[in-house]
Amino acid sequence: MSASKLVFYDLLCGTPNTCWSPSCWRTRLVLQHKRIPFDTVWVSYPDIASTVGHTQPGRDPVTLPVIKNGDTWVYDSWEIFLYLEQHFPSTEEIPSLIYPNVEAVYFFENWTHAGPVESLILWILPRMPAFLDESGREFFVRTREDQFGSLEEMAEGQQLEQAEGGFEPIEFLLKRYGPYIAGERVSYQDFVLLATLQWFDMCEPGCVRKIVNFFPTGHFARWYGMLHPLAVTQ
Ligand SMILES: N[C@@H](CCC(=O)N[C@@H](CS)C(=O)NCC(=O)O)C(=O)O
């Protein structure tokens with residue numbers, strides 16, 4: 001690992017070199033899009049606190065993503081995004097991902113949790129242990145069951161179709177103003193949505209194709225066809 005390269009702390013799963021976490025995907029997509037050279041340190045759930053806990057004093061749980069650029073540590077995908085936009089300024093070839101403005105981007109980031117993620121969270125959480133690494137799985141099941149009770153019971157009655165209502169505004173938006181979330185050009189909103197879908201697809205491979213096909217007008221499916229090739233763990 002070269003001393004000058006930015007270091008990205010990403011969350012490990014059972015498949016080597018595979019990004020899965022929605023928050024980490026956001027950071028990874030920005031790093032890759034801006035062509036910022038970086039090294040990845042893969043961290044399992046139970047090792048997050050000992051690896052990057054010093055960056056988030058008093059915070060429980062300590063979370064990823066975290067980056068280290070020179071002597072500067074930054075945590076939280078939103079703060080990392082702002083930091084990268086500021087320290088790796090846009091060029092003509094790679095325009096800013098803050099478009100049309102930071103308020104709209106921040107709203108969309110929060111809405112993604114409130115809409116699509118909330119619509120499916122009880123379907124998602126019980127499916128996560130299956131793709132985590134062994135110690136990550138043990139940690140995840142123990143901590144989530146302490147918090148929410150049995151994951152098995154949580155899964156009962158949960159259907160992928162619940163996502164239709166959560167994603168409907170995306171289809172409407174893309175139909176009227178696409179092809180990207182903010183219109184004519186790619187922005188961080190696209191990456192936030194793609195990051196979320198990557199997480200869903202780890203829970204059940206192929207489920208995102210089903211979700212986008214809930215909408216026969218096809219704009220969400222077209223968007224996914226355009227964006228999905230970017231989701232490569234470099
Ligand atoms: N607001 C934070 C949320 C990050 C977050 O929740 N990360 C999860 C993985 S997706 C995590 O590290 N969780 C650790 C845990 O729950 O113990 C961000 O956007 O970075």
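An oxygen atom of the ligand sits 2.9 Å from an N or O atom in the side chain of Arg 144, and that is a friendly place to start looking at this predicted model. Below is a short tour of the ligand site, the contact between the domains, the salt bridges and a few backbone details.

**Ligand site**

- In total, 14 residues surround the ligand, and the closest are Ser 21, Leu 64, Asp 76, Ser 77 and Arg 144.
- Ser 77 has an N or O atom in its side chain that lies 2.6 Å from an oxygen atom of the ligand.
- Asp 76 faces another kind of ligand atom: a polar atom of its side chain is 3.0 Å from a nitrogen atom of the ligand.

- Domain 1 brings 19 residues to the contact, and domain 2 brings 25 residues.
- About 2,000 Å² of area is buried between domain 1 and domain 2, with 74% of it coming from carbon and sulfur atoms.
- On the domain 1 side, the residues that lose the most area to domain 2 are Arg 26, Tyr 45 and Trp 78, which together make up 35% of what that side buries.
- Five residue pairs are in polar contact between domain 1 and domain 2, counting pairs with both residues at pLDDT 80 or more.
- Two helices, α1 (22-33) and α3 (77-87), each supply at least two residues of the side of domain 1 that touches domain 2.
- Helix α1 provides the largest share of that side, with seven residues.
- By residue type, the side of domain 1 that touches domain 2 holds 12 nonpolar residues, six polar and one charged.

**Salt bridges**

- Side chains of opposite charge can pair when their charged atoms come close.
- The model has a count of eight salt bridges.
- Between domain 1 and domain 2 the count is one salt bridge.
- Arg 26 and Glu 109 join their side chains in a salt bridge, at 3.0 Å from N to O.
- A second pair worth a look is Arg 35 with Glu 93, whose side chains form a salt bridge at 3.1 Å, N to O.
- Arg 35 is in the loop between α1 and β2 (38-43) and Glu 93 is in the loop between α3 and α4 (102-124), so this pair ties together parts that are 58 residues apart in sequence.

**Backbone details to check on screen**

- The peptide bond joining Leu 64 and Pro 65 is cis, with omega about 10°.
- Another cis peptide bond runs from Tyr 99 to Pro 100, where omega is near 5°.
- Pro 100 belongs to the loop between α3 and α4, the loop that also holds Glu 93.
- Asn 17, a residue other than glycine, has a positive phi near 55°.
- You will find Asn 17 in the loop between β1 (6-11) and α1.

Conventions: Residues are numbered from 1 along each chain as its sequence is written. This is a predicted model: local features need pLDDT of at least 70, side-chain atom pairs count only at pLDDT 80 or more; totals for chains, interfaces and linings use all residues. Side-chain values use heavy atoms; hydrogens and water are left out. Contact means heavy atoms within 4.5 Å. Buried area is the accessible area (1.4 Å probe) that two parts lose on being put together, summed over both. A salt bridge is a side-chain nitrogen of Lys or Arg within 4 Å of a carboxyl oxygen of Asp or Glu. A polar contact is a pair of N or O atoms within 3.5 Å; within protein, one must be able to donate a hydrogen and the other to accept it, and residues adjacent in sequence count only if both atoms are side-chain atoms. Helices (H or I, at least four residues) and strands (E, at least two) are DSSP runs, numbered from the N terminus. Ala, Val, Leu, Ile, Met, Phe, Trp, Tyr, Cys and Pro count as nonpolar, Asp, Glu, Lys and Arg as charged, and the others, Gly among them, as polar. A residue is near a molecule or strand if one of its heavy atoms lies within 4 Å of it.
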